[in-house]
Amino acid sequence: MTDLSQIVKAYDVRGTVPDQWDERVAGALGTAFAQMLDGAGEPGEAVLIGHDMRASGPGLAAAFAAGVRAEGRPVIEIGLASTDMVYYASGALGLPGAMFTASHNPAQYNGIKMCHAGARPVGQDSGLAEVRDRAQALLDKDEPLGEPSAPTERRDLLADYAAHLRTLVDLSGIRPLTVVVDAGNGMGGHTVPSVLGDAVLPALPLRIVPLYFELDGTFPNHEANPLDPANLVDLQRAVVAHGADIGLAFDGDADRCFVVDERGEPVSPSAITALVAARELAKHPGSTIIHNLITSNAVPEIIREHGGEPVVARVGHSFIKAEMARTNAVFGGEHSAHYYFRDFWFADTGMLAAMHTLAALGEQSLPLSTLAAEYERYVASGEINSTVADQAAKMVEVRAAYPDAEADELDGLTLRFPDGAWFNLRASNTEPLLRLNVEAPTAERMTSLRDEVLDRVRR
């Protein structure tokens, strides 16, 4: 019997196909989603549905659509899409949506990111738990779903999405830049030619060097997870080989963007968060900026220096979006390279963050390494994963080892030390892992603290 508690996570659906979920489950989730929308006061509106390049995507999306249509609700299929394309469509058309993707996970996975009209998040506290429970009840009955009764419409929104992003960041007047883009065989190969290239809009002063733009959900070249340094190696080499000004790497559904400088060195997502925050605060003085606990201490420092108000939030797109809406924040950034914009319906878009970075680089003559150094003040470990049998017990054990540290449990366990060093240890929402992030004023202190905590976690 299908147990949806195993695949419905804190802010999306994620699991292996077909053993954890299949088209039958997708149909029940579609019906449950439509029923949840009815109860939330969004009756009768069409549901937007997109999917990434995974082989299981079209079938799962079609089954979900049938479940939605069985509740009398029309469907607008936008086909191949990045996650932020679905958010664009939801915001521009004022409709709820569902994106079929497992982001950076391996090929056997798939999932769903859902949103209310206006790209408002569907998380555990904003409808996802209800969708899970309704779908579980349908599956437990083991009866066929109702016959689809509402119509389906197909729309191609790629050009509209690209045109909208270009209205938010004007790249037409920047100096010429050579940009290597690693799409990882994911949806960046679909969207980059239209947004940054000349596939549908006038050319920009950018020479795009493409890596792995062919859509292939088996990920034949490397995982579409730029958070893992091993998956940046090809991009780093290509940037140096082509004498490029910058390298960009997108994850599988292209809602995250990682940046590499002209030397082939990664630029931390915290530095990109601070850079974009400074740009947004120049346009919107005094605004609120959201960041999560795992971003560098430099982020709130730089936000304050530019006259902004930093507000911390939990990791995860539904939490960040909810906090942005509550505070009317102009921008938000996470350590995982998710970037959120008020002028993009508070939703996350890696492409818009990439465009801000290109604009910042192209509006002056400094190389990216020099520009980024203004926003890099501390030494960070990056995220380190450990498989742990009892995650809660291990975090209690680690906390007890540092009785004098200042503790924060907003999101996992964060311990801060008088010398400015800190670490965060948190359980993954999607995998059986503990994730460790460490930052310190010096490389020696970071390395020492990192190794000490990892020894305790893995002991």
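The following dialogue examines how several terms apply to this predicted model.

Student: Why is alanine 98 called buried?

Tutor: Alanine 98, which lies in strand E4 (residues 97–100), has a relative accessibility of 0%. The term buried requires a value under 20%, so alanine 98 counts as buried. Leaving aside its neighbours within four places in sequence, its contacts are Leu48, Ile49, Gly50, Phe64, Val86, Ile112, Lys113 and Met114.

Student: What makes the pair of aspartate 253 and lysine 113 a salt bridge?

Tutor: The closest N and O atoms of aspartate 253 and lysine 113 are 3.0 Å apart. The cut-off is within 4 Å, so the pair forms a salt bridge. Aspartate 253 is in the loop between E9 and E10 and lysine 113 is in strand E5 (residues 109–115), 140 residues apart, so the pair links distant parts of the chain. Lys113 and Asp253 are also linked with Asp255 in a network of salt bridges.

Student: Why are lysine 394 and glutamate 397 said to be separated by about one helical turn?

Tutor: Lysine 394 and glutamate 397 are three residues apart in helix H13 (residues 391–400), which means a separation of about one helical turn. An α-helix has 3.6 residues a turn, so residues three or four places apart point the same way. The two side chains meet in a salt bridge (3.4 Å, N to O). Lysine 394 counts as buried at 9% relative accessibility, whereas glutamate 397 counts as partly exposed at 38%.

Student: How do you know that glutamate 439 has no salt bridge?

Tutor: Glutamate 439, found in strand E22 (residues 433–440), is buried, and the nearest side chain of opposite charge, arginine 416, is 6.3 Å away. A salt bridge requires a distance within 4 Å, so glutamate 439 has none. The side chain of glutamate 439 does make a polar contact with the side chain of serine 296 (2.7 Å).

Student: What puts the buried residues of helix H7 on the same side?

Tutor: In H7 (residues 233–241), the buried residues are Leu235, Ala238 and Val239. They cover an arc of only 100° around the axis, which puts them on the same side of H7. On the other side, Arg237 and Ala241 are exposed. The elements that cover the buried residues of H7 include strand E7 (177–182), strand E8 (206–211), strand E9 (246–250) and strand E10 (257–260).

Student: Which residues touch the most other members of the largest nonpolar core?

Tutor: They are Leu171, Leu196 and Leu248, in a core of 88 residues. Helix H11 (residues 350–362) contributes the largest share of this core, nine residues.

Definitions and conventions: Residues numbered from 1 in each chain as written. Predicted model: local features only at pLDDT ≥ 70, side-chain atom pairs only at ≥ 80, totals over all residues. Heavy atoms only, no water. Buried < 20%, exposed > 50% of the residue type's maximum accessible area, 1.4 Å probe, protein only. Helix = DSSP H or I, 4+ residues; strand = E, 2+ residues; numbered from the N terminus. Arc of directions from axis to C-beta. Contact = heavy atoms within 4.5 Å. Lys, Arg positive; Asp, Glu negative; His and termini not counted. Polar contact = N/O pair within 3.5 Å; in protein donor to acceptor, adjacent residues only side chain to side chain. Core = buried A, V, L, I, M, F, W, Y, C linked by side-chain atoms within 4.5 Å.
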